[in-house]
Amino acid sequence: MENIKCLILGAGPAGYTAAIYAGRAGLQPVVCEGLQPGGLLTMTTEVENFPGYPDGVQGPDMMEDMRRQAERFGADIRPRIATKVDFSSTPRTVTFDDNTQATFTTLIIATGAGAKYLGLSDEEKYRGMGVSACATCDGFFYRKKTVAVVGGGDTACEEATYLAGLAAQVYLIVRKPFLRASKAMQDRVFANEKIKVLFETNVTGLFGENGVEGAHLVHKKGTADEHTSDIAIDGFFLAIGHKPNSDIFVGQLPLDEAGYIKTHAGTPLTDLPGIFAAGDVADPHYKQAITAAASGCKAAIEAERYIASLAD
Ligand code: NDP
């Protein structure tokens, strides 16, 4: 069985930054790209808040740059998904989707997070037929059509604004009477006449013959003014946050109640020596590309220290 000195799971800003640092430190990192090479930033458009890009940068371009930078320092990037881990036996193992297994000296978990869904059976029914969690991936199909975006955070506002550039009309469906998004994002939404914000509104279902044709809504739920309505839409976009990609670590590492890997405060250290967690999979608070990159850097430095300590 292959033993990998520094195994990195995930190829977003955390994984690639860990690979750059580990590569430069001579740890011969192996990066398993996982389900979404490049991570969530490959699904975004312009990134304006990553230092070093005064004019902004397209998310996919930034990730391609990070990948090339990691390769420059010898990172071995493989198109593999980790399907199982066993940290209880010695040596500790990771199993991949091609049924191979590897042991490792250090492991950096940077598997990120994935989009959350409301949990309606109609989301499953219409997946790929009008339901999406990525406006930049699927917005193109809704040119001059009507779409709805669910959520009131920065992602929802960003997606609604992006879709308004393509679609004829965008409903932004917000369960609270206010948006949680930053002021700048809110201003953009309110200034866009194609976006209609429906506050205090929840979606109870979708309908349509051969794809999404509309949504069932309930307004002011639980109040004396509660009432329902239907809207006609062609596309339904979820933007209600993300869930950490930590399922394979259940029972193997301590996770919090939302599934984030628990790390020692301000560090990527987990309870298991030699195993580190970086980026969104361990970050319920900041979830930024720059904070993910920073924690990937810390994880690689800790991996280097751990390997050095084994030689002492
Ligand atoms: P957030 O957690 O910030 O917001 C999620 C939104 O979805 C909230 O409005 C929440 O409502 C709503 N929501 C959650 N569950 C449901 C549900 N079951 N039904 C209806 N609505 C629901 O997630 P984001 O993805 O928007 O942002 C994550 C982080 O990334 C934030 O820190 C954000 O600032 C950052 N970000 C920054 C960007 C930028 O700076 N360019 C762009 C995108 C994200 P409620 O308010 O009621 O809880």
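Trainee: Which residues is Val147 in contact with, leaving aside its neighbours within four places in sequence?
Mentor: This is a predicted model. Val147 is found in strand S11. Its relative accessibility is 0%, so it counts as buried. Leaving aside neighbours within four places, its contacts are Tyr142, Leu163, Ala167, Gln169, Val170, Tyr171, Ile233, Gly235 and Phe237.

Trainee: How far apart in space are Val147 and Ala294, C-alpha to C-alpha?
Mentor: In sequence, 147 residues separate Val147 from Ala294. In space, C-alpha to C-alpha, the distance is 36 Å.

Trainee: Is Thr146 buried or exposed?
Mentor: Thr146 is placed in strand S11, residues 146–150. Not counting residues up to four places away in sequence, Thr146 touches Gln169, Tyr171, Ala232, Ile233, Asp234 and Gly235. The cut-off for buried is under 20% relative accessible area. Thr146 has 18%, so it counts as buried.

Trainee: And Gly128, buried or exposed?
Mentor: Look in the loop between helix H3 (121–125) and strand S10 (131–132), where Gly128 is found. Exposed means over 50% relative accessible area. Gly128 has 72%, so it counts as exposed.

Trainee: How many disulfides does a search of the whole structure find?
Mentor: A disulfide needs two cysteine sulfur atoms within 2.5 Å. For Cys6, the closest cysteine sulfur is in Cys32, 11 Å away, so that is too far for a bond. For Cys157, the nearest is that of Cys134, 17 Å away. The number of disulfides found in the whole structure is zero.

Trainee: Are Cys6 and Cys157 buried or exposed?
Mentor: Take Cys6 to begin with: its relative accessible area is 0%. Cys157 also has 0% relative accessibility. Under 20% means buried. So Cys6 is buried, and Cys157 counts as buried.

Trainee: Which peptide bond is cis?
Mentor: Most peptide bonds are trans. Find Pro91 in the loop between strand S6 (82–86) and strand S7 (93–96). Omega is about 0° at the cis bond, which joins Thr90 and Pro91.

Trainee: What is phi of Gln28 near?
Mentor: Most residues other than glycine have a negative phi. Gln28 is found in the loop between helix H1 (13–24) and strand S2 (30–32). With a relative accessible area of 56%, Gln28 is exposed. Its phi is positive, near 45°.

Trainee: What is phi of Lys287?
Mentor: Lys287 lies in the loop between strand S19 (275–277) and H7. At 40% relative accessibility, Lys287 counts as partly exposed. Lys287 is not a glycine, yet its phi is positive, about 50°.

Trainee: Which helix gives the most to the lining of the second largest pocket?
Mentor: The second largest pocket has a volume of about 380 Å³. Its lining has 23 residues, with Thr263, Gly266, Thr267, Ala282 and Asp283 nearest its centre. The lining divides into 11 nonpolar, eight polar and four charged residues. With five residues, the helix that gives the most is H7 (residues 289–311).

Trainee: How far apart do the C-alpha centres of domain 1 and domain 2 lie?
Mentor: Domain 1 takes in 2–114 + 243–311, and domain 2 takes in 121–238. Their C-alpha centres lie apart by 32 Å.

Trainee: How many residues does the contact take from each domain?
Mentor: The division is into domain 1 and domain 2. Domain 1 gives four residues to the contact, and the number from domain 2 is six.

Definitions and conventions
Residues numbered from 1 in each chain as written. Predicted model: local features only at pLDDT ≥ 70, side-chain atom pairs only at ≥ 80, totals over all residues. Heavy atoms only, no water. Buried < 20%, exposed > 50% of the residue type's maximum accessible area, 1.4 Å probe, protein only. 1 Å grid on protein atoms, 1.4 Å probe; cavity = no way out; pocket = protein on both sides within 12 Å on 5 of 7 lines; lining within 4 Å. Points joined across faces, edges and corners; volume = space filled by probe spheres on them. Helix = DSSP H or I, 4+ residues; strand = E, 2+ residues; numbered from the N terminus. Nonpolar A, V, L, I, M, F, W, Y, C, P; charged D, E, K, R; others polar. Domains from an automatic or database assignment. Contact = heavy atoms within 4.5 Å.
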